[in-house]
Amino acid sequence: MQSSQVSVGIIRNAQHKILITQRAVDLHMAGFWEFPGGKIEPGETPQSALKRELLEEIGITIEQMSLFKVLEHRFSDRIVTLHFYLVEQWQGKPFGREGQPMRWVCQHELQASEFPLANLEIIHMLTDAASFLS
């Protein structure tokens with residue numbers, strides 16, 4: 001079974017809004033919303049991959065990140081290990097460099113049904129923890 005490693009950024013601003021982007025129609029899980037990030041390339045650490053991915057996808061440079069959770073998700077044809085990082089300090093204004101729609105959502109208003117199943121635990125952690133994640 002194929003396996004891959006992915007770094008994911010939970011980008012949260014001072015108003016406790018989370019930035020989410022929409023998956024392109026030509027990608028696996030098309031149309032779902034997600035936290036930006038991508039595959040960890042050979043020779044990269046999860047942190048360096050996230051820095052690269054966020055610059056490529058949404059045009060920001062991470063100043064500080066902290067590990068939030070590592071999860072493994074099994075699809076029918078692959079296993080994906082997801083490294084979720086909380087990013088609260090960055091340089092630049094996020095925008096969809098690849099033309100992808102994006103929006104800011106209040107942390108407590110994240111809807112699990114809008115995300116791929118692999119994100120379910122993270123969504124629950126963020127919405128349940130909204131009061132103490134400050």
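Reader: What makes E57 count as being in contact with residues such as P36 and F95?

Author: Contact means heavy atoms within 4.5 Å, and, leaving aside its neighbours within four places in sequence, E57 meets P36, G37, G38, F95, G96, R97, E98 and Q100 in this way. This is a predicted model, in which local features need pLDDT of at least 70 and side-chain atom pairs count only at pLDDT 80 or more, while totals for chains, interfaces and linings use all residues. Residues are numbered from 1 along each chain as its sequence is written, and side-chain values use heavy atoms, with hydrogens and water left out.

Reader: Why is E57 called buried?

Author: Buried means under 20% relative accessible area, with a 1.4 Å probe and protein chains only; E57 has a value of 8%, and is therefore buried. The value for G37 is 16%, so G37 is buried too.

Reader: How do you know that the backbone nitrogen of G37 and the side chain of E57 make a polar contact?

Author: A polar contact is a pair of N or O atoms within 3.5 Å, where, within protein, one must be able to donate a hydrogen and the other to accept it, and residues adjacent in sequence count only if both atoms are side-chain atoms. The backbone nitrogen of G37 lies 3.4 Å from a polar atom of the E57 side chain.

Definitions and conventions:
Buried means under 20% relative accessible area, exposed over 50%, partly exposed in between (1.4 Å probe, protein chains only).
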